[in-house]
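Subject: Structure handover

Dear colleague,

Here is the structure I said I would pass on. My notes follow below it.

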Amino acid sequence: MLRKAVARLRRIPGLDDRTGRRRWFQAAVLVSALGLAPSTWLWTGEGGRVTTVADAPAAPVAVVFGAGLFGGEPSPYLAHRLDAALNLYQQHKVRAILVTGDNSTTDYDETDAMRRYLTDRGVPDVRVVGDYAGFDTWDSCSRARRVFGVDHALLVSQGFHVRRALALCEAAGIDTYAVAVDEPHDTTWYYGGLREIPGAGKAALDAWLRPDPQFLGATESGVTRALADAAKP
């Protein structure tokens, strides 16, 4: 079997001599480098603004990105993001929380599940604002700025995702820091990290082209009302 595989490789043009093999190797290295370049950009460019709940600077709003539901309730990863945002609120580091998720069908509503999770734990309803069209990270960032008027925020997500969120929200015009929620480095974590490789490529294109989100819609005053409520004596 090994001999057959080697024979097939030798039939590929250029692999039957040393010069050809060197060129194929150089091409493979170049393709790999180009594929990893967006990830390198995120890790080297955004790492200085990734922090923890304890060290996070104050900001008017925390932005929490959706991460799936289990039986209509936040998945463990999403619940951990919401717990971090709750801690930020309780420590008076943010005054409002924008939860942004997918509500593209009637039987799947990330946003209301996120809102309910926070209000059930003591955050006043007016302080939790829902974005029902955060279909991906770029849409969430773009809508946070263009629809909800957010210009300064703390982003909350797992460590493998926050750098992409930082880059995209900065491209959308939001001054941001990010809280990286810690998780065990299990299968789910590594799967999420692998997804970030193609995600970084899309992020680079979104940051460059800055397309309209899938659904833009009219401006909404939820964040303004939340901050006004927080300013009451």
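Contact here means heavy atoms within 4.5 Å. Please keep in mind that this is a predicted model.

Overall, the protein has 233 residues, 44% of which count as buried. Its secondary structure consists of eight helices and eight strands. Of the contacts between residues at least 6 apart in sequence, 73% join residues at least 24 apart.

R49 counts as buried because its relative accessibility is 19%, and the cut-off for buried is under 20%. Apart from neighbours within four places in sequence, R49 is in contact with L166, E170, T176, Y177 and A178. A polar atom of the R49 side chain lies 3.0 Å from the backbone oxygen of T176.

T176 also has a place in the strand pairing: in strand 8, T176 is the bridge partner of A153. Strand 8 (residues 175–181) runs parallel to strand 1, and two bridges join them. A178, another contact of R49, is the bridge partner of V50 there. Strand 8 is also parallel to strand 7 (residues 152–158), with seven bridges between them. Strand 7, helix 6 (residues 159–171) and strand 8 together form a β-α-β unit, which is right-handed.

Regards

Key:
Residues are numbered from 1 along each chain as its sequence is written. This is a predicted model: local features need pLDDT of at least 70, side-chain atom pairs count only at pLDDT 80 or more; totals for chains, interfaces and linings use all residues. Side-chain values use heavy atoms; hydrogens and water are left out. Helices (H or I, at least four residues) and strands (E, at least two) are DSSP runs, numbered from the N terminus. Buried means under 20% relative accessible area, exposed over 50%, partly exposed in between (1.4 Å probe, protein chains only). A polar contact is a pair of N or O atoms within 3.5 Å; within protein, one must be able to donate a hydrogen and the other to accept it, and residues adjacent in sequence count only if both atoms are side-chain atoms. Two strands pair if DSSP finds at least two bridges between them. A crossover is right-handed if, with the strands pointing away from the viewer, the path from the first strand over the helix to the second runs clockwise.
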